[in-house]
Amino acid sequence: MQTAKIHFLGAAGTVTGSKYLIETSEINFMVDCGMFQGLKELRELNWEPIPYDVASIDLVLLTHGHLDHTGYLPRLVKQGFKGKILGTAPTLAITGIILKDSGKIHEEEAKKANEEGYTSHTPALPFYTIKEAEDTMRLFNSVEKDEWIVLSEHIKCRYRYNGHIIGSTFIEIQIFDKLFVFSGDIGRSHDHLLHPPEKPEWADYLFVESTYGNKLHPEESVSELLTELVHKTLHKRGTLIIPSFAVERLQVLMYLLWKLYKENRIPNIPIFIDSPMGNNVLSVFDQFPEWHKLPATEFNAVQDRMEIITSYRETWETIDDPRPKVVIAGSGMVTGGRVLTYLKQLVDKEETSVLLVGYQAEGTRGRQLLEGAHELKIFGKYYPVKAAVHHIESLSAHGDQGELLNWLSEIKNIPEQTFLIHGEPSARDALRTKIQDTYGWRVQSPHLLDTVTVMV
């Protein structure tokens, strides 16, 4: 009888650092390889080596390109990984953009910390460099969705659309006689840009994200909320700052604001897009039209309506621009990126508004703003928060509890075990109870560094 050993190396009790290692008698592989974000004690885990012989890992299978699913890859390579990294073509394109951008930020922040002396490390080092990101990208191997890919004699996998971001998938892995299903991050049933997630029909061992396992997204009109905020910004002659994830949320916000302008619901207010990574992601949408539902004519019209910032000099010109304006800038949880420059200059002004969209993880500046922080620490200095802070939860790219339960609804068998991952404890516990009550399945909530051996 064969066994498989599963190592929960991340996103077990948290929503960040997704990493799962599966040992088998034929190959060893990882599903996702993300870095931790948020709380300091989690971020510090990024500097710990994988507690396993990395050189013996044959493959990494990526569900999608977000940093919390891919951002540890350069460190894995640095520790001796030489295998293949498999993902859909848009996922690998997104991952390459994110890794290079992240490497650049790591280098810049280490340099700044050393120059300004706000580091306890001598010297501060980048988590990885641009070159290390580029070295990692040489291991990328593109796969087609919906096609079975042979990994070894008795192991194969298949990538299926799940609508979270462009290129994102859930992964079915046949290991000997058992089917393992990793959900990745499950998208929304009615997304503005993406098609609805497909659903698995069979699973012996099921690994399901639980980000919003304890919540239903509110029935709110995003268009009305955006319209109201734009008009308030005009009235106050201020700036509406929208920290945004560069992948999909940025494009959705651009699309919604363009629609409001086209429908004459908002005036011709300047809308600045300040996300070098987001600009690159736009090209991925252009390159892979079959992965989203925005027609090319509308896609081009949306970009033409926005003022795309391409240099740091333009960032400062935008800050100094006295006109009322909307600025969409990375990053979505206010952990880094261009949005920090805007907040340093504008968060202490009452005429400023900050709109948070999507999930805000524990320990991030986004969560602090959401919870009413009176000041923000940015690059070692504190800035008072006088801006009005707003939140649109329904723009999240993650399915809520109802959508997660619905994603499971077409599974025909009773899984031998369901593992809840990628969720904070309260969210996991609520979803565990709902799955048990709805389907009667066995559900387990693994902790960080747990290992589980199953029969295959």
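Trainee: Taking helices (H or I, at least four residues) and strands (E, at least two) as DSSP runs numbered from the N terminus, how much of residues 250–369 is helix, and how much is strand?

Mentor: The span is 48% helix and 13% strand. The end C-alpha atoms of residues 250–369 lie 19 Å apart. Bear in mind that this is a predicted model, in which local features need pLDDT of at least 70 and side-chain atom pairs count only at pLDDT 80 or more, while totals for chains, interfaces and linings use all residues. Residues are numbered from 1 along each chain as its sequence is written, and side-chain values use heavy atoms, with hydrogens and water left out.

Trainee: What does UniProt list for residues 250–369?

Mentor: The unreviewed UniProt entry lists this span as "domain: Beta-Casp". Such annotations may be inferred rather than shown by experiment; the positions are given in the numbering used here, and feature names are shortened.

Trainee: On to the sheets. In what order do the strands of the seven-strand sheet run?

Mentor: The order is S7-S8-S9-S10-S11-S20-S21, in an open sheet with mixed pairing. Two strands count as paired if DSSP finds at least two bridges between them. At the edges are strand S7 (149–152) and strand S21 (443–444), each of which pairs on one side only.

Trainee: And S10 with S11: parallel or antiparallel?

Mentor: Strand S10 (residues 178–182) and strand S11 (residues 205–209) pair in the parallel sense, over three bridges. Phe180 stands opposite Tyr205 in S11.

Trainee: What about the six-strand sheet; which pairing does it have?

Mentor: That open sheet is parallel, with the order S14-S13-S15-S12-S16-S19. Strand S14 (307–308) and strand S19 (388–392) are the edge strands, each pairing on one side only.

Trainee: How many bridges join S16 to S19?

Mentor: Five bridges join strand S16 (residues 353–357) to S19, and the two run parallel. Val357 of the model faces Ile392 in S19.

Trainee: Which residues line the largest cavity?

Mentor: Its lining includes Asp32, His69, Phe182, Asp185 and His422. By class, the largest cavity is lined by four nonpolar, five polar and two charged residues. Here Ala, Val, Leu, Ile, Met, Phe, Trp, Tyr, Cys and Pro count as nonpolar, Asp, Glu, Lys and Arg as charged, and the others, Gly among them, as polar.

Trainee: And which helices supply the lining of the second largest cavity?

Mentor: Helix H7 (249–262), helix H8 (276–287) and helix H9 (296–305) each supply at least two residues. Among the lining residues are Met254, Leu282, Phe285 and Phe299. The lining of the second largest cavity has eight nonpolar, two polar and no charged residues.

Note on methods
1 Å grid on protein atoms, 1.4 Å probe; cavity = no way out; pocket = protein on both sides within 12 Å on 5 of 7 lines; lining within 4 Å.
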